[in-house]
Amino acid sequence: MPTIFAETILFALLPEISVGGWIVLTGIATNAACAVVGCFLVLRRMSLMGDAISHAVLPGLVLAFLFSGSMSILPLFVGAAAVGIVTTFLTQSLHQYARVPSDASMGVVFTSLFALGVVLVKKYVSGLHFDIACVYEGSLELVPFAEPVAGLPRPLFTTLVVLGINLVILVLFWKELKVSSFDPSLASTMGFSATAMHYLLMVMVAVTTVASFEAVGSILVVAMLIVPAATAHLLCDRLGIMIALSVAIGAASALLGYAAGVWFDTNLAGMMTVVAGGIYALAVFLSPRHGIVSAVMKNMQVSLRVLREDLLAMLYRVEELASDKPISPEQAQQAIGGGWQARWALRGLARMGQIQRSPERLTLTDAGRDAARALVRSHRLWETFLVEHLGMPLDHVHQPAHRVEHYIDQRLQQELESELSTTGQDPHGREIPK
Amino acid sequence: MGTTAFEIHDMTVAYHRRPVLWDIDLQIPEGKLVGIVGPNGAGKTTLIKAALGLVPLASGKVEIYGQSYNQQRQIVGYVPQRESVDWDFPVTVRDVVLMGTYGQLGWFRRPGRVEREIADRCLQQVDMAPLANRQIRQLSGGQQQRVFLARALAQAARLYFLDEPFAGVDAATETAIVELLHTLRSTGKTVLVVHHDLQTVREYFDYVILLNMRLIACGPVESTFTQENLQKTYGGRLTLLDEAAEAMRIRESQ
């Protein structure tokens, strides 16, 4: 199967000989154009505005088609941009003046406009290029057979034009988009009207949606707007990198989606989106900072460190009692809860050169004794603090100190020292080691 | 009295026709640290937003060094409430401070080396230089507030509006902010600060604006921050104003 996958991709990459090449290129261009604007939708917490506008543009398309009598690009873009502005204006006005909650006003506006579009299609343009099913799922498979414009299939040409427009706007308005997305009121006070930037973005969304319509349809285009951007947001924390990464993720999902779609013999645009969703799921698990796997790993590292430190402190206390009875590795593991984690902790300490072990005896090395002394010191300082400052009874202070000791660094130790009246002995009368 | 840095003349601000600030008249001389004090819902933030043109005025006008905000925006710095932005946004500490220079740059021009140097200098002023490349999510509340202050410094303004800079910050940051305010004053800047802690008003500010929907008093702290004025600001609800505002709202919605 991998070789077939590779062959399909390779085949797809040679546009002059393949139908698939056009399809993949269109998929990549659509995804890239969507990802560029999608990042700002995601960052502004307006992801569903993409959904709203992608539906609301339908009447604009129909009207543009009716007036111009053609499917040429310019009237379609003008119609889309107009609807983008109208949708944004209506949504905001309903929210502001009629006091409709913003989600409800969005729901009302885009569904009504979409319905208007459906009515217009049925009334005036049925049987022509418009087809409601095509509006939903697009027809990526038919792209290579569309009439060519400038040597490219028309949907690909349209998408490339929009990708170009989006990139030019991105470069021109980079800092304005950035500041108005992060802190709209600061942007407005500086003279970069946040409202104007909002409208600009909504027009970009509308035009991008329309350009992507024929190829991928009105629902999948929403996925292409949001999913790669949301994935990139999980994976990085610089705006520029996020946008580049979301374009790359979009492109990768187009390529892999095409290969998988051909393999499973199913709708290609749908498959591309499924792949994008899969990449998102992977990111949720594997993202270095926010991923589930890394959270689990970090958690485990902390609990291993706690176990190692518990073991060190225990050995220190055993030494302190000056008992002749040696403690064996087996006993030590049992004392900190046993199991594989205890075994790992023990192994870790040996590797770090903090303990020496023989089958019947576990002893601290000098380095280990220093580390253990610091821990026990933290523990007893904290106990003293709890008794002295919070007036806790003696039999209540061991457990809290046992938890906190792992997080008290030198600075905190010094602060504790300066707060306490006595740092020679803990409340149980045991020496606080230096 | 010297130059007037900031003046509000007979200003009323309304949300949905319901007035939240009534007939405010005040003048702030240049070079003062000014506390804006009043109970919750008194309109402190609204006062700032109206001054900055972020909310429309129902009537009256705002003047900054004798001219409208639109003409003077280059010399005004603004620090919004810390919670007003998304700290998950993918930018670094330095990026945020750089945003302070955007106003001077105007449309289309990108920040360059000069602006980055300004940003780094401002970060040093708030002791945040070592964290310049951190993503802002990783900062504590106090550090976030310092970043916002550094951004305001990068605006190189003459008149500053700070919305609750002391809210939810640690003691060290509070001290640092106060020091910064003093530095600003010593260079002739005027700073208006929305403030909640009545205990520290005398210590931190020269001037105070006492506000509760209307202006209770505005003047030097010694003569204005009196028990009597505080009583007027906090004691008793301003039932008549409230009732009138409510009546206007109801009339409008009928």
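Which residues of chain A form a nonpolar patch on the surface? In this predicted model, the patch is made of A:Leu282, A:Phe285, A:Leu286, A:Ile292, A:Val293, A:Val296 and A:Met297. Chain A is assigned three domains, namely domain 1 (2–286), domain 2 (294–364) and domain 3 (368–419).

**Nonpolar patch on chain A**

- The residues of the patch have about 640 Å² of accessible area together.
- Two helices of chain A, H12 (268–286) and H13 (292–321), each supply at least two of the patch residues.
- H13(A) gives the largest share, with four residues.
- A:Val293, a member of the patch, is found in helix H13 of chain A.
- The relative accessible area of A:Val293 is 36%, so this residue counts as partly exposed, the class that lies between the buried limit of 20% and the exposed limit of 50%.

**Domain 2 against domain 3 in chain A**

- The centres of domain 2 of chain A and domain 3 of chain A, taken over C-alpha atoms, are separated by 20 Å.
- Each side brings residues to the contact: 13 from domain 2 of chain A and 13 from domain 3 of chain A.
- Between them, domain 2 of chain A and domain 3 of chain A bury about 1,300 Å², and 53% of this area is on carbon and sulfur atoms.
- On the side of domain 2 of chain A, 39% of the area buried against domain 3 of chain A comes from A:Glu309, A:Tyr316 and A:Arg317, more than from any other three residues.
- The number of salt bridges found across the interface of domain 2 of chain A and domain 3 of chain A is zero.

**Chain B against chain A**

- The contact between the chains involves 35 residues from chain B and 32 residues from chain A.
- Three salt bridges are found across the interface of chain B and chain A.
- B:Asp95 and A:Lys178 form a salt bridge through their side chains, with an N to O distance of 3.8 Å.

How values were computed:
Residues numbered from 1 in each chain as written. Chains lettered and ligands numbered in written order. Predicted model: local features only at pLDDT ≥ 70, side-chain atom pairs only at ≥ 80, totals over all residues. Heavy atoms only, no water. Patch = residues over 30% accessible without salt bridge, like charges linked within 9 Å, V, L, I, M, F, W, Y side chains within 5 Å. Areas by Shrake-Rupley, 256 points an atom, 1.4 Å probe, with all protein chains shown as cover. Salt bridge = Lys/Arg side-chain N within 4 Å of Asp/Glu carboxyl O. Buried < 20%, exposed > 50% of the residue type's maximum accessible area, 1.4 Å probe, protein only. Domains from an automatic or database assignment. Contact = heavy atoms within 4.5 Å. Buried area = accessible area lost by both parts, 1.4 Å probe.
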